[in-house]
Amino acid sequence: MKIELKTQNFPKFELLPNQDFILFLIKNELLGTKFMNQLNTVGIDTSFGGIELGEAILSLMGFKHKNDKLWEWYHAILKTYIARVKFGDSVVIRSVAFDFYVALRVRLHIEEESKN
């Protein structure tokens, strides 16, 4: 089954369809997590409503071994990037999603180099 996706409006250079899809997932991970965190701060129980996209993101990027150390790093860095997200500002959201993608690529590269 092939999924046709509309190209996202990310940085002005050509991305592979898989990369564009990953950026789409990252953007939604950032927005969804920030939204759930804000609901939590006003007293709404969000333990039932969050959608975790990290597994899909890491798998599509090529992370083979998703151990506790990677997940701790992922959630810590996610928290850092969520702080930069501004609802309603699509330029900032795309920029933050792309920066998060680059951070994941760097981490993947470091992990691959340490295996060799």
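Predicted model: local features only at pLDDT ≥ 70, side-chain atom pairs only at ≥ 80, totals over all residues.
Residues are numbered from 1 along each chain as its sequence is written, and side-chain values use heavy atoms, without hydrogens and water. Local features require pLDDT of at least 70 and side-chain atom pairs pLDDT 80 or more, whereas totals for chains, interfaces and linings use all residues.

**Helix packing**

Two packed helices are described by the angle between their axes and the distance between the axes. The helices are DSSP runs (H or I, at least four residues), numbered from the N terminus; axes are lines fitted to C-alpha atoms over the stretch in contact, with angles from 0 to 180 degrees between N-to-C directions.

| Pair | Angle | Axis separation |
|---|---|---|
| α2 (54-61) and α3 (68-82) | about 110 degrees | 12 Å |
| α2 and α4 (90-115) | about 55 degrees | 11 Å |
| α3 and α4 | roughly 155 degrees | within 11 Å |

With an angle of about 110 degrees, α2 and α3 are roughly perpendicular (65 to 115 degrees). Their crossing is right-handed, meaning that the near helix is turned clockwise from the far one by less than a right angle. Contact (heavy atoms within 4.5 Å) is made by Gly 54, Glu 55, Ile 57 and Leu 58 of α2 with Leu 70, Trp 71 and Tyr 74 of α3. These residues comprise 5 nonpolar, 1 polar and 1 charged. In this classification Ala, Val, Leu, Ile, Met, Phe, Trp, Tyr, Cys and Pro are nonpolar, Asp, Glu, Lys and Arg are charged, and the others, including Gly, are polar.

The angle between α2 and α4 is about 55 degrees, which makes α2 oblique to α4. This crossing, too, is right-handed. From α2, Ile 57, Leu 58 and Met 61 meet Tyr 101, Leu 104, Arg 105 and Leu 108 of α4; 6 nonpolar residues, no polar residues and 1 charged residue form the contact.

For α3 and α4, the crossing angle is roughly 155 degrees, so the two helices are roughly antiparallel (over 145 degrees). α3 passes α4 in a right-handed crossing. Lys 69, Leu 70, Trp 73, Tyr 74, Ile 77, Leu 78 and Tyr 81 of α3 meet Val 96, Asp 99, Phe 100, Ala 103, Leu 104, Arg 107 and Glu 111 of α4. By class, 10 are nonpolar, none is polar and 4 are charged.

**The second largest pocket**

A pocket is an open set of points on a 1 Å grid over the protein atoms alone, where a 1.4 Å probe fits, with protein on both sides within 12 Å along at least five of seven lines; lining residues have an atom within 4 Å of a point. The second largest pocket holds about 230 Å³, the space filled by probe spheres set on points joined across faces, edges and corners. Its lining has 14 residues, of which Thr 33, Met 36, Asn 37, Glu 52 and Leu 78 lie nearest the centre. Two or more lining residues come from each of α1 (17-41) and α3, and α1 gives the most, with 6 residues. The lining divides into 4 nonpolar, 7 polar and 3 charged residues.

Note on methods: Parallel < 35°, antiparallel > 145°, perpendicular 65-115°, else oblique.
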